[in-house]
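Colleague: I would like to go through this model with you, one question at a time. Please show it first.

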Amino acid sequence: MTAMLNIKDLRSYYGQVQALHGLSFALNEGSLTTLLGANGAGKTTTLRAICNMVRSTGAIEFDGSSLMGRSTESIVRLGIAHVPQGRGTFTSLTVEENLQLGAISRRDRAGIIADIERMYGYFPVLKERYTQQAGTLSGGEQQMLAVARALMLKPRLMLLDEPSFGLAPLIVRDLFKILGRINREEKVTILVVEQNAQLALELADQAHVIETGRIVMSGGAKEIANNEDVRKSYLGY
Amino acid sequence: MELFTNQILAGISTGAIYACMALAVVMIYQAIDHLNFAQGEMAMFSTFISWQMMQWGVPYWLAFVLTLIFSFIAGIAIERVLFKPLAKAPILTNVAGFIALYSIINSCAGLIWDFTIKQYPTPFGSAPFLGSQLISTHQAGMIGITLLMLLGLFFFFQYTRMGLAMRAAAAMPESARLVGINTSWMIALGWGMAAAIGSVAGMMIAPVVFLEPNMMLGVLIYGFAAAVLGGLTSPFGAVVGGFLVGIFENLVGTYIPGVGNELKLPIALALIITVLVIKPAGLFGRPIVKRV
């Protein structure tokens with residue numbers, strides 16, 4: 001298998017503060033990978049660095065071409081959808097406008113209309129609310145909208161930053177099931193950052209553990225889940 | 001009663017101009033969170049350009065369209081050269097930039113066309129509109145052109161993808177970048193459109209206030225009053241505010257003794273202060289809440 005995304009020696013900075021200290025890992029095409037780590041370990045920063053939203057050095061390659069120095073919007077247009085922390089919903093716009101915006105870089109009008117219908121298939125609640133202001137949706141609905149908006153890009157790679165944040169456990173289960181389906185059925189490579197390690201490891205096939213801006217452990221999700229240290233630190237048993 | 005109707009209609013026609021200026025101000029405010037103090041001067045300069053073209057024999061409507069195009073491009077150029085580099089600068093730096101722009105444009109216009117008052121033609125004539133003494137054809141034309149433009153803008157922002165992208169970029173720039181929108185160009189485009197809208201206001205009001213480099217000062221202050229009244233975060237509010245301020249100005253000038261032309265401007269400023277004290281977000285604006 002070839003690596004779709006290859007990150008080498010990534011160092012990121014917020015002003016004078018260094019958040020990532022030479023982080024390296026690769027994502028295989030079609031994989032569903034999770035990044036685990038404590039608060040402040042650098043999970044979110046890693047996702048932000050991929051989309052050039054934080055000052056970084058090192059190498060990030062997508063399909064063999066470098067992403068360093070490219071603008072955020074041009075990186076997104078390569079097919080990298082990013083669902084940020086807090087979901088990035090356009091709260092003052094309607095649900096349907098949010099979905100339209102997800103596809104704003106596409107030109108195929110008919111395809112976009114078909115894809116909006118497909119999203120309503122995945123998330124029927126969005127269809128009921130399509131003229132409603134997105135800010136009036138519940139947290140779970142907004143997260144579904146954020147995932148749907150990201151899919152409207154027809155991404156090859158999807159980055160999700162704590163999709164479970166603030167959601168009821170049942171809703172998180174549903175959401176993760178859908179993420180699994182998207183990964184299998186639509187062949188979208190997914191990188192998900194999660195606090196809910198147990199759920200993330202059930203869903204993912206690969207996992208990396210970050211500590212203070214470095215990858216300290218990598219492997220198959222099952223193997224990581226069985227690791228004594230990981231269990232103690234992140235799973236709590 | 002006839003005087004009253006007359007004043008309301010006159011208020012609506014100047015209100016249309018204030019609505020344009022307010023809308024231009026709000027569009028830039030939405031994009032970069034700063035008030036463009038030079039909006040009026042940009043409109044004045046555009047009006048001079050159209051006047052110059054007509055002096056060279058270009059017919060009115062051709063000059064009108066060419067001026068719109070010129071203003072659009074000039075607006076984009078100003079953003080690219082001056083305000084894009086200032087995007088991350090503190091507020092006061094931007095304010096200094098706007099004041100500089102104001103006096104540069106004002107002085108340049110004075111240098112090129114000098115400060116004497118010039119007649120400016122109206123394409124609508126100044127006969128009574130439909131035989132009625134209540135409103136002149138030029139006033140009716142002002143209202144008509146403004147409504148046409150507002151309608152066009154409404155359709156652009158509501159029903160085109162570009163309009164949607166611009167709204168998204170103004171509302172949530174970071175999210176907009178994450179769906180692949182080039183927010184920097186959306187801001188430039190907003191400047192271009194604001195400049196073009198302002199130029200329409202300038203060309204429509206010039207036959208009334210006469211053409212000279214300081215012609216837009218009062219108009220801009222009324223435009224600010226309108227934008228503040230309607231809410232700086234609401235383009236719709238800015239337009240409604242424009243018409244309200246126009247009507248208010250005329251009624252106060254007519255019915256309150258002692259308020260002649262001399263006191264009209266202070267009234268606009270008093271209105272700004274009153275709104276800011278009583279309802280800072282304006283009639284239609286969203287209160288701005290910052291998470292700390």
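Colleague: Is B:Asp114 buried or exposed, by its C-beta neighbours inside 10 Å?

Modeller: First, the ground rules. This is a predicted model, where local features need pLDDT of at least 70, side-chain atom pairs count only at pLDDT 80 or more, and totals for chains, interfaces and linings use all residues. Residues are numbered from 1 along each chain as its sequence is written, while chains are lettered from A and ligands numbered from 1 in the order in which they are written. A residue is buried if 20 or more other C-beta atoms, placed from the backbone, lie within 10 Å of its own, exposed if 12 or fewer, and partly exposed in between. B:Asp114 has 10 such neighbours inside 10 Å, so B:Asp114 counts as exposed.

Colleague: Where does B:Asp114 lie, and what is its phi?

Modeller: Helices (H or I, at least four residues) and strands (E, at least two) are DSSP runs, numbered from the N terminus. B:Asp114 lies in the loop between helix H4 (91-113) and strand S1 (128-129) of chain B. Most residues other than glycine have a negative phi. B:Asp114 has a positive phi, near 55°.

Colleague: Which loop holds B:Phe210, and what is the phi of B:Phe210?

Modeller: The loop is the one between H8 and helix H9 (216-230) of chain B. With 13 other C-beta atoms within 10 Å, B:Phe210 is partly exposed. Its phi is positive, near 70°.

Colleague: At roughly what angle do the axes of H5(B) and H8(B) cross?

Modeller: Axes are lines fitted to C-alpha atoms, for helices over the stretch in contact, and angles run from 0 to 180 degrees between N-to-C directions. The axes of H5(B) and H8(B) come within 10 Å and cross at roughly 175°. Angles over 145 degrees count as roughly antiparallel. That makes the two helices, H5(B) and H8(B), roughly antiparallel.

Colleague: Which residues of H8(B) make the contact with H5(B)?

Modeller: Two residues are in contact if their C-beta atoms, placed from the backbone, lie within 7 Å. Ala, Val, Leu, Ile, Met, Phe, Trp, Tyr, Cys and Pro count as nonpolar, Asp, Glu, Lys and Arg as charged, and the others, Gly among them, as polar; the contact of H5(B) with H8(B) has 7 nonpolar, 1 polar and no charged residues. H5(B) brings B:His138, B:Met142, B:Ile145 and B:Met149, and H8(B) brings B:Ile197, B:Val200, B:Met204 and B:Pro207.

Colleague: Which helix of chain A do the buried residues of H6(B) pack against?

Modeller: Helix H6 (residues 161-171) of chain B has buried residues including B:Leu164, B:Met166 and B:Arg167. Within chain B they pack against helix H1 (2-32), helix H5 (137-159), helix H7 (173-178) and helix H8 (183-209). In chain A, the partner is helix H3 (95-102).

Colleague: Which helix gives the most to the side of chain B that touches chain A?

Modeller: 15 residues of chain B are in contact with 19 residues of chain A. On the chain B side, H6 and H7 each supply at least two residues. By class, that side has 8 nonpolar, 3 polar and 4 charged residues. The most, 6 residues, comes from H6(B).

Colleague: Which residue in the turn between S4(A) and S5(A) has a positive phi?

Modeller: S4(A) and S5(A) pair in the antiparallel sense over 2 bridges. A:Phe62 stands opposite A:Ser65 in S5(A). The hairpin has 2 residues between its strands, and the one with a phi of about 55° is A:Asp63.

How values were computed: Parallel < 35°, antiparallel > 145°, perpendicular 65-115°, else oblique. Pairing = 2+ DSSP bridges.
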